[in-house]
Amino acid sequence: MNRTKSGRSANISRRKFIVGSAAAGGGLALGFNLPFAVEPAAAQGTAGGNTEVNAWVVVKPDDTCVIRVARSEMGQGTHTGLAQLVAEELECDWGKVVLEPVTPGQNLARKRVWRDMATGGSRGIRGSHDYVRQGGAAARMMLLQAAANQWNVPVGELTVANGVITHAASGRSTSYGKVAAAAAKLTAPDPKSIKLKDPRQWRVAGKPLKRLDTANKVNGTKVYSIDLKLPDMLHAAIKACPVYGGKLKSYDESKIAGWRGVGGVVPVRDDAVAVVANTWWRAKSALDALPIVWDEGPGAKQSSATIAAHLKDGLTSSDAFADTNDGDAPQAIAGAAKKIEAVYSTPFLSHSTMEPMNCTVRITANKAEVWMPSQNAEASLATLSSASGLPLAQCEAYNLDQGGGFGRRGGTQDFVRQGVAIAQRYPGRPVKMVWTREEDQAHDFYRPISQCKLSAGLDQGGNLVGLHIRVSGQSINAYLAPHNIKGGRDVRQLQGLWKSPGDAQIGYTVPNLMIEYAMRNTHVPVGPWRGVNINQNAVYLECFMDEVARAAGRDPLEFRRTLMKNHPKHLAVLNAAAEKGDWGKPLPAGVHRGIAQFMGYGSYIAAVAEVSVSGKGEVKIHRMVLATNCGHAVNPATIAAQVEGSVAYGFDSLQNEISIRNGRAVELNFDTYQPARLYQLPKIETVIAPTYDFWGGVGEPTICVTAPAILNAIYAATGKPVRTLPLKNHGLKIV
Amino acid sequence: MRLNVNGKAYEVDVEPKMPLLWALREFIGLTGTKYGCGIEQCGACSVHINGAVRRSCSVPVGDVKPGDRIVTIEGLSPDSSHPVQKAWAELDVPQCGYCQSGQIMAAAALLATNPQPTDTEIDKAMTNICRCGTYQRIRAAVHMAAGTGKGGSGSIIHMMTGAAASPVAPAEGKKPEREEVH
């Protein structure tokens, strides 16, 4: 019989608690789980027969190529894609590639040789493709030079394939593992001398290769941050004031005195309280029973209704700025033969990562460490340093692959700050803090709420002569990064409606075009939510475009095409979606199509949805075809996975909201906040149409066309546009 | 309290109201079973009890009988060789992977009672939440594990590489004037 020790009984003294809880968690029986254990992952030079050829490539004697990755993995497949890019230039055996993460401390110590570790904005691949490919190419050149030196032949006479170097003239061959040590001693080639392959010639990159990180996700052995076990570890559950901006006033510790396994109550900063125990469930149960008094502050007076009224004011106020003001849109619309006007709105949404916020922090007199799921390990390290007061050189952050990120675990690092505050009370002991789902829903940095007023004018021939878009809503920058607002103009909230090319450009040319933003902030925290502002703006523009097309008596696709002559890339992707989505072809009775296109993260995307709506308001989405031009397609299988995932995530835009009552979030778990489920998902087809002349993102863009394509199909089915979300407010439900 | 998990007997000294999920994770050390919601909505904590799938976040340890056979993801097979695990790996179903233990346990329980489920039956049985949206591959992998030959590879990909490069986008390597950075 396996016997594991439990935490000790109630009424433990502090000292006993410390001793007793070390045994809890089954660590003694099963061994501690220590990712990034003793050896620093990214040691320089040659260690244990493993040779670092350069920062990106370590070769083992058995020819295994360890490819270092600095970006975070949260399921999006970046690690495999980056390895493909390195391996493509390295010319190693793909079957012998393994991944190794680096830490921000190592990156700092080595003068940021791995560059930016932040993973957001769909830039894992597009933001690092050049230097990781150069890293692979440089390693290959050094390995070949080492073989040439050994054989005393010109390097130009050598060939390499799958990590085997051959000198055909003399019939000699060797492998990377054999020459790595000599290669590491050579001077790295001048980056300017490195010629990268033409992507059209790729053999490893560009292929739908299987992911390198699947095996331990199907047998339960992958260690997420929430699974971490360290010797002597304590567990913390935390509750922050449910009203944003509120403070912790008091709590009555006596009510949980003597609770089994509970070691202490810790006020966290000025707005939260944590219970620390020898297991998390005990900490959480005691926290549930702890009477807490909050100073809720002025935010408690706010509700969804007060926020909506505040935003509505911004639709007509005089404080907006025009980011685009071509011609005279208001006058052109006023004088048009036909005028169309609509007000749209989208709610706050939560990220709801499956793995809730958590981290483990250990602080001693001269060292601070954090283990966390982070989209920005360097931000985690910096937060650890500032919160603990220890210099960066005495801090280290160990980033574990995340159970979902979606923008929640990037720059804010609120959970690390909390973890430090708790761990400071237990010097030398690791403390793992885990949020409940309810805490995670209650204290997100939500997708910002906004409303949008759109006006259009058509001439006698049904041509669009003027378009006026006014967005009123909360600003992410105002909440998280005020320095990004230049001259009072926060262009970020108009993402996807920008005229400047290259990232998130509007795809239509309208002679009289005005695009404005009125900032209307609330007390609710907001932040980047996978896709950030293109999601809301695509709903506004693309759904309204269908309303205008209908008013013009034109087919929605044809109507768009007439406005897109100056935007051939937008148009090509729209056409690709229309072609593969059978636009214009017959459908079964009751099934209707909707279409949408947009641009974000440097990529062009479009979607066609087939939808039916029953008399009871049941919306069935039968099929979606989604096209993307991301420039270069590094792994088509991963792109398809991201597109499929984008449809599911895009369902949030349709069926969810975080509403506010008495200043706090209402939807605190998955009974009231409903992520998409399998039965709701349509058959999804991914169209990949790369043009090989730019690098665009993949993880986020497609979400933004999902909701408008479906909404436009609903409009086609019912004849009524859906202008405010979620659907449930209109008696509609996705089945 | 005695628990039979993956064929082994464990003695755990815990409160009877402690959910099985936390006894598994914190006392027996099996962390493949995940916490997602705590209210049996998401299914990340799915395990088998006497062959039936149960959401362990809402099963108090006190309700588990000593003879009840509990199987977690770690015990589904010794070497990831269960047909569901093999199909999951073959089709690269997981993205972040956090919910996949529960998805696999739900699929294995479905196939144990219904070896060749239809799409409708899969819809009804597979109610676990996957926030990454791996559903299409999940469906295909269930079909693959069932050996029905339906579902294909999960993803349906149309490659359209014929489109010519156009000069509209900024040249390669040139940063756009504006971009979203977060």
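## Overall form of chain A

Of the 735 residues in chain A, 61% are buried. The model is predicted. For a chain of 735 residues, a compact globule would have a radius of gyration near 27 Å; the value for chain A is 28 Å, which agrees. The C-alpha trace of chain A extends over about 85 × 80 × 55 Å along its principal axes.

The secondary structure of chain A consists of 18 helices and 30 strands.

## A five-stranded sheet in chain A

Chain A contains an open sheet of 5 strands in the order E15-E23-E22-E21-E16, with mixed pairing. From one strand to the next, the twist averages 10 degrees.

Within this sheet, how many bridges join strand E21 (residues 450-458) and strand E22 (residues 464-473) of chain A? The two strands pair over 9 bridges, in the antiparallel sense. In this pairing, Gln451(A) has Ser472(A) in E22(A) as its bridge partner. Helix H14 (residues 534-551) of chain A packs on the sheet, where it touches E16, E21 and E22 of chain A. The direction of H14 makes about 150 degrees with that of E16(A).

## The contact between chains A and B

The contact draws 91 residues from chain A and 75 residues from chain B. On the side of chain A that touches chain B, at least two residues each are supplied by strand E1 (2-3), helix H2 (27-30), helix H7 (280-289), helix H16 (568-580), helix H17 (636-655) and strand E29 (683-688) of chain A. Which of these elements gives the largest share? That element is H17(A), with 9 residues.

By residue class, the side of chain A that touches chain B comprises 42 nonpolar, 31 polar and 18 charged residues.

## Strand pairing across the chains

Strands of a sheet pair through backbone hydrogen bonds, in either a parallel or an antiparallel arrangement. Pairing also links the two chains: E29(A) and strand E6 (residues 156-159) of chain B pair in the parallel sense over 4 bridges. Here Val687(A) stands opposite His158(B), a residue of E6(B). E29(A) is also one of the elements that supply at least two residues to the side of chain A that touches chain B.

Key. Residues numbered from 1 in each chain as written. Chains lettered and ligands numbered in written order. Predicted model: local features only at pLDDT ≥ 70, side-chain atom pairs only at ≥ 80, totals over all residues. Contact = placed C-beta atoms within 7 Å. Nonpolar A, V, L, I, M, F, W, Y, C, P; charged D, E, K, R; others polar. Pairing = 2+ DSSP bridges. Axes fitted to C-alpha atoms, helices over the stretch in contact; angles between N-to-C directions. Rg over C-alpha atoms; globule rule 2.2 N^0.38 Å. Buried ≥ 20, exposed ≤ 12 C-beta atoms within 10 Å, placed from the backbone.
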